[in-house]
Structures are given as C-alpha cells and as structure tokens.
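Reader: I am new to this structure and would like to learn how to read its helices, its domains and the contact between its chains. Could you take me through them one at a time?

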Amino acid sequence: MTQSLEAFERAGSFQLAGEAEGEALVFSHPLSFWGGVEAETGEIIDHSHPGLGRNVAGRILVMPSGRGSSSSSSVLAEAIRRGTAPAGILLERPDPILAVGAIVAEFLYGISMPLVVCDIAGIVSGDRVVIGVGDNGGAVVRRA
Amino acid sequence: MALELTTHDQSMLDGGQGPSAAAAMKILVAFSNAVGANSLLDISGAHIDGCLYHGKAGLDFVERLVEGGGRVQVPTTLNVGSFDLIHPGMVKMQVAEEVPARRLMKAHLELGCQATFTCAPYQTRFRPQFGEQIAWGESNAIVFANSVIGARTNRYGDFIDLCCAMTGRAPAWGLHLSENRRGRILFELDEAAHEPNDSLFVGVGLIVGQANGDRVPVIAGLPQPRDEDQLKALGAASATTGAVALFHAVGITPEAATLDQAFQGRAPEETIRIKRADIDQALARLSAVPDGAPLAAISLGTPHFSHEEWMRLLPMLREVAPGRGIPIYVNTGRATLTRLRDEGALDGMEAFGLIPVADTCTYVTSILENLDGVVMTNSGKWAHYAPGNIGVTVAFAEMKDCIRSAAVGHVVRGAA
C-alpha cells in the first residue's frame with residue numbers, strides 16, 4: 001500500500017485518553033485480541049484474519065470495531081503491560097471490550113494507550129498517525 | 001444520549017467509597033458509555049468468572065482492589081478456578097504457575113466473594129429469582145439465569161463482572177430491559193425429532209447456537225424436559241457454538257408461555273426447521289472415534305453436576321458396576337459435594353472408579369491421569385472444548401452409555 005501524501009487532521013472522542021504516534025496498521029475486518037493476538041509478542045495469530053503474521057506492537061491499529069469474546073479485555077491489558085500492545089487504537093464505533101482492557105491497564109500500570117472513536121476513512125497502512133488531546137479534551141487525529 | 005449517573009454513582013466515581021470502588025465505577029462508566037447505556041441500575045447479585053489464571057494483569061487487578069480495601073456490594077459467587085481446593089494434589093501444575101493461580105482464588109475471597117467455585121451458581125443458595133437484575137459471567141450460567149429462571153443479565157466477562165459486583169450496579173442496557181428479551185428467530189423442532197433423551201437437548205442447543213448469531217432464539221416443539229438439567233445442557237451447548245445469552249422454549253421457559261409471549265406479539269424475523277437428521281449430524285461432530293475405541297476415562301458434570309444428576313448416576317453405577325478401574329470423573333460444586341457426603345451417598349462408590357472433582361473442571365486444568373485413549377462424556381460443552389484445551393480425543397454419548405463403556409473398557413453406544 002502506498003502512503004497517502006495529503007495531510008489531514010480530524011476530531012474524535014476518547015474511550016481512553018492519551019497521546020501516541022506510530023505507523024498505521026489498517027484493517028477493514030475487526031480483529032479479536034482473544035485468539036487473535038499473542039500477548040507475549042503482539043503478533044496476529046488469527047488464521048481467519050487478513051493481518052495474520054503481522055505485529056500490532058507500537059502501531060496505531062485502525063479498524064471499524066472490536067470483535068468477539070470478552071476475554072479480549074484481558075489479552076489487551078496483558079499486552080499493554082508487556083509493551084506488545086498497539087501505541088493507540090482508532091475505531092469507527094466504540095467497543096466496550098477494548099475499553100475495559102485499556103482502562104484496566106491504565107489503572108494498574110499507569111500506561112495510557114489511547115482508544116479513539118473517529119472517522120477512519122482515508123487512513124492507510126503505513127501512514128504516520130499522531131493522536132493528541134485537543135483543547136476541549138477530545139481526541140485530535142492527524143497524519144504527520 | 002449520554003450516561004446519567006445518580007449522586008451515589010458520582011460519589012463512588014469521585015472516591016467517596018474508597019479507591020477500589022472508584023476504580024470499579026470508572027471502568028463501569030466507560031463500559032456503559034461504549035454500549036450506549038443511558039443509566040445504571042441496581043443489581044441483587046453477581047457471578048464472577050475471574051478465578052482461572054490467564055496472566056498477570058488479571059491477578060494484578062484483583063490485588064489492587066484488595067489493597068484499596070474494596071468489598072463486593074452484593075452477594076457474589078465465584079466461577080471455577082484452576083484448582084480443586086477440596087482435593088489437594090489432584091491438579092498437576094508447576095509451582096511458578098500454581099502460586100499465582102492459588103492466590104487469584106484467595107484474593108477474590110478477600111473481596112468478600114463467596115467460595116462457591118462453581119460454574120452452576122444457580123444450584124447454590126445464591127440462585128436468583130425470576131425478574132432479578134444480576135451481573136453474571138460464565139456463558140452457561142448466563143444463559144441458564146436468563147432462560148430457565150427469568151433473571152436478567154447480559155454476557156459480562158473479564159473485569160466488568162467484578163466492577164458490577166464492587167459497585168452493585170450494571171448498565172441499563174441489553175437483556176436487563178424487557179423489550180430486548182423478545183424472541184427474534186424461531187426454531188421449529190420437527191415432530192419426528194422427538195425423543196426426549198439428554199442428547200436431544202444437547203443437539204438442539206448446538207444447532208441453535210450455531211445458527212443464531214446474537215439474536216434471541218425461540219424454540220417451538222421441544223418436548224417437556226425431565227428436569228432443568230436438560231435445559232442446562234441445551235443452554236450450555238448453545239453458548240458453546242454461539243453467543244446465546246437467552247433462549248425461550250415455548251410452553252417451558254418462564255417468559256414463553258405461548259409463542260406470542262416469546263415474540264412479545266411480533267413476528268419472527270426468520271424461521272429455521274430442525275430435523276432429526278440435523279440433530280444427529282450436530283451430535284456426530286462431537287465424537288472423533290467410532291464405537292469400539294479403547295477408553296481412557298469418563299468425564300461428566302460440565303456444567304457442574306446437580307444433586308438430581310447425582311441421584312440418577314449413583315444407582316446407574318451400582319447397577320452396571322464398572323470394575324476395570326477406568327476413572328469416572330464427575331465435576332460438581334463443593335456445596336453439592338458436601339451435601340452428598342453428609343447423606344453418605346458416595347460411600348463405597350470409588351470401587352466403581354468414581355472420582356468427584358470440585359471447584360474446577362476437568363477441561364480447564366490438568367486432572368486427567370491418562371490421556372492415552374478416548375475420554376467419553378455426556379456434555380456437549382466438554383466435547384466441544386476439551387480436544388483444544390487439553391488435547392484429548394472425545395466420544396459423546398448418553399450418561400448410561402458412558403457408564404456401560406467404562407464397564408467394558410471401550411466405547412459402546414445405544415444402550416437400551
């Protein structure tokens with residue numbers, strides 16, 4: 001995939017607030033962390049997912065929504081603890097399971113992995129994406 | 001619409017009830033916002049599926065709540081853990097794993113949870129009543145509470161079940177609300193399919209779970225069950241192959257006296273017919289071996305064996321008298337086990353190979369001594385998960401066939 005050159009900036013809302021910057025990893029299919037991501041490495045292990053074999057660690061994970069078992073909360077929290085989680089996650093729709101995992105990890109380890117609900121159209125894998133906090137406390141997502 | 005909190009909710013969030021309640025409320029608020037709830041509601045009980053050790057984050061969370069002086073605000077039962085605390089030494093685990101796994105069970109008790117360690121809290125004195133609002137984890141318990149009892153819970157899981165217990169609150173959304181409990185999809189059971197043995201209920205459950213998605217299913221034409229254990233088996237199977245949290249069985253379950261009541265006066269969005277052949281096919285998929293395969297063990301009681309099920313099993317054991325030393329593991333709640341011991345019901349039963357297991361389950365931890373050969377079970381849920389979880393080869397059958405097979409040492413099915 002080629003990186004789009006046009007810069008953008010758009011507003012979003014935080015499910016968990018924080019700042020992050022990283023290379024976008026964009027999926028049109030939701031990824032379940034439970035059974036989908038190896039918490040020890042961040043590697044995608046879901047054989048039915050197009051991202052199989054790629055790694056979410058340190059990336060800005062972009063997908064329409066979360067998916068699957070509530071055990072994904074534990075896997076995300078464990079990945080954040082181990083430093084194998086994405087740097088931040090952008091979703092089109094809020095996800096209760098990922099929100100719980102992110103909040104628990106912040107509560108326990110003081111690590112804030114921003115979880116943002118925003119328009120994800122036009123973001124492609126490889127884009128350098130920055131998540132910041134706006135003046136009103138909302139999320140600001142921009143391509144660097 | 002935004003989530004509205006009561007003064008009490010807000011005070012909890014602001015730390016008025018201590019740091020643990022504040023943390024639990026913060027997580028609950030974020031969850032409630034994500035599911036689009038407008039408010040929280042009071043719950044009268046909780047069931048926590050948090051005692052199986054899956055990693056450090058899970059234990060750290062409970063430890064932090066303990067350190068913050070947290071206590072559960074409603075009667076709270078615990079699901080199975082990784083150990084049988086009643087029968088020490090039964091579970092084989094490395095020390096590095098054993099220490100945190102044991103601590104996880106104990107830490108929950110320090111929060112004021114009850115030491116039930118059962119996946120069937122509906123068999124304990126904490127069983128909820130019709131219409132009660134509760135927050136339960138564990139898929140079979142959730143579907144039983146909603147469907148068979150008519151209590152109200154969503155599918156709660158990791159961390160959030162405990163946050164509900166710590167605050168006594170749950171988001172007012174989903175199956176807590178009457179309108180969302182209406183049937184959406186109709187399963188019509190073929191007349192010819194009626195043979196009201198245990199397998200029929202398992203088979204229907206497997207099919208309903210697979211075809212259902214997350215819409216509330218209504219089953220018509222199901223024969224009257226012998227007891228609630230047959231509905232337990234149906235629900236557990238449906239929550240194994242699918243995400244079923246509530247089913248209605250017309251003329252059987254409490255919110256489905258009639259088809260019309262089950263659908264709350266509306267029409268089904270879809271109708272699916274279940275034929276005998278569909279059930280046979282679904283059940284056949286649970287068995288990886290043909291009749292005659294050599295047997296390593298029997299595992300019963302997933303979900304946990306009820307007292308009534310024991311009362312069917314024990315006479316069967318005496319009658320068939322299996323004497324080959326093939327272990328017959330039976331998972332059950334510690335309260336049920338205590339009652340059986342008090343009644344003297346288990347005296348002498350070890351001669352037939354009976355090994356009761358409490359507090360845990362034979363498919364989540366290493367209990368089975370010998371995995372060399374087939375393990376037979378009458379549980380659709382065990383048959384589905386055990387091959388992946390503990391690497392066994394499974395044959396599914398009626399309980400009577402399991403016991404007869406133990407007596408001859410290989411798989412036999414079709415007992416008269």
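Predicted model: local features only at pLDDT ≥ 70, side-chain atom pairs only at ≥ 80, totals over all residues.

Reader: Which residues of α3(B) are buried, and why do they line one face of the helix?

Author: An α-helix has 3.6 residues a turn, so residues three or four places apart point the same way. Helices here are DSSP runs (H or I, at least four residues), numbered from the N terminus, and a residue is buried if 20 or more other C-beta atoms, placed from the backbone, lie within 10 Å of its own. In α3(B) the buried residues are B:Ala57, B:Gly58, B:Phe61, B:Val62 and B:Leu65. Seen down the axis of α3(B), these residues fall within an arc of 135° (taken from the directions from the helix axis to the C-beta atoms), so they line one face of the helix. Just after α3(B), B:Gly69 has a positive phi of about 75°.

Reader: What do the buried residues of α3(B) pack against?

Author: Two residues are in contact if their C-beta atoms lie within 7 Å. The partners of α3(B) are α1 (72-82) and α2 (96-109) of chain A, together with α2 (19-35), α4 (95-110) and α6 (160-167) of chain B. Of these, α1(A) is largely enclosed by the rest of the structure, because nine of its eleven residues are buried. The buried residues of α1(A) pack against α2 of chain A and α3 of chain B.

Reader: How many residues does each chain bring to the contact?

Author: Chain B brings 20 residues and chain A brings 19 residues. On the side of chain B that touches chain A, α2(B) gives the most, with seven residues.

Reader: Into which domains is chain B divided?

Author: Following an automatic or database domain assignment, chain B has domain 1 (7-178), domain 2 (182-284) and domain 3 (295-408). The centres of domain 2 and domain 3 of chain B, taken over C-alpha atoms, are 26 Å apart. Between these two domains, 14 residues of domain 2 are in contact with eleven residues of domain 3. The largest share of that side of domain 2, six residues, comes from α8(B).

Methods: Residues numbered from 1 in each chain as written. Chains lettered and ligands numbered in written order. Buried ≥ 20, exposed ≤ 12 C-beta atoms within 10 Å, placed from the backbone. Helix = DSSP H or I, 4+ residues; strand = E, 2+ residues; numbered from the N terminus.
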